[in-house]
Amino acid sequence: MNLVRRIYRAVMRRLYRLAGRTVPAALVPQLPSVDHRDYQKAWVDLAGKSYRMTVYERQRADGSKPLIDNPSPEEIAVALRADSARRVLEVGCGWGRLMTALAGEFAIEGCDVSEDMLRLCPPELRTFRYDAAVEDLAFLRQHAGEWDAIFTRGVMLYFIKDRDQCCRVLNNLLALSRDNVHCWEWPEVCEVLRAISASPRLVLHPIEHRSE
């Protein structure tokens with residue numbers, strides 16, 4: 001019976017992917033465990049404010065341990081150029097580190113769940129608060145296909161433990177982008193994302209594990 005169930009699920013996953021549709025959570029196989037983090041606790045809840053401000057103080061350009069370019073802004077720009085993207089949205093933009101580097105070439109906007117982080121963005125950057133884990137149908141209707149391309153960096157690892165939530169995030173981002181959604185994540189996170197969504201517009205970019 002277990003073998004029959006596995007074969008059935010494999011066939012159904014294949015059919016969903018051929019149709020370009022998101023694979024339902026119930027059909028996704030168990031994959032290697034990955035580092036999961038609670039996005040609400042870390043970036044939204046008041047109790048996590050000291051954590052996120054400590055992260056900023058450590059990782060900002062003149063902090064005690066500035067972030068290593070992983071990927072570099074140029075790597076992101078290359079991917080966006082391949083899409084012929086002009087209007088670009090970074091989801092999970094934090095304090096605007098990558099946006100600042102890309103703003104000279106693209107009409108870039110950024111969104112984040114953390115109002116604390118958005119307040120740290122340079123005032124010349126266009127930002128807004130948005131929680132991609134929430135199904136805001138009015139927002140999706142208003143902004144469907146508004147951006148030529150969307151990218152994230154180290155964001156999806158916060159959602160992969162809850163497959164329904166992860167599907168919702170991916171579907172939201174795909175709805176907001178005219179073309180591709182680019183995700184730069186650890187290889188094991190990319191593996192989970194590819195098992196969940198077969199959309200050809202979801203472009204996954206594995207990045208190295210580096211101490212941050």
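The questions and answers below go through some features of this chain, which is a predicted model.

Reader: How many helices and strands does the chain have?
Author: The chain has 212 residues, and 47% of them count as buried. Among contacts between residues at least 6 apart in sequence, 61% join residues at least 24 apart. As for the elements asked about, the chain has 9 helices and 6 strands.

Reader: Which side chain of opposite charge is nearest to D131, and how far away is it?
Author: D131 is buried, yet it has no salt bridge. A salt bridge would need a side-chain nitrogen of Lys or Arg within 4 Å of a carboxyl oxygen of Asp or Glu. For D131, the nearest side chain of opposite charge is R129, at 4.9 Å.

Reader: Which backbone nitrogen does the side chain of D131 reach?
Author: Leaving aside residues up to four places away in sequence, D131 touches Y39, Q40 and V113. With one of these, Y39, the side chain of D131 also makes a polar contact of 3.0 Å, side chain to side chain. The backbone nitrogen that the side chain of D131 reaches, at 3.0 Å, is that of A133.

Reader: Which two residues does a cis peptide bond join?
Author: Most peptide bonds are trans. In this chain, P71 is found in the loop between α3 (49-59) and α4 (73-82), and the cis bond that involves P71 has an omega of about 10°. The two residues joined by that bond are N70 and P71.

Reader: What is the phi of S84, and is the residue buried or exposed?
Author: Most residues other than glycine have a negative phi. S84, in the loop between α4 and β1 (87-91), has a positive phi, near 55°. With a relative accessible area of 60%, which is over the 50% cut-off, S84 is exposed.

Technical notes
Residues are numbered from 1 along each chain as its sequence is written. This is a predicted model: local features need pLDDT of at least 70, side-chain atom pairs count only at pLDDT 80 or more; totals for chains, interfaces and linings use all residues. Side-chain values use heavy atoms; hydrogens and water are left out. Buried means under 20% relative accessible area, exposed over 50%, partly exposed in between (1.4 Å probe, protein chains only). Lys and Arg count as positive and Asp and Glu as negative; His and the chain ends are not counted. A polar contact is a pair of N or O atoms within 3.5 Å; within protein, one must be able to donate a hydrogen and the other to accept it, and residues adjacent in sequence count only if both atoms are side-chain atoms. Contact means heavy atoms within 4.5 Å. Helices (H or I, at least four residues) and strands (E, at least two) are DSSP runs, numbered from the N terminus.
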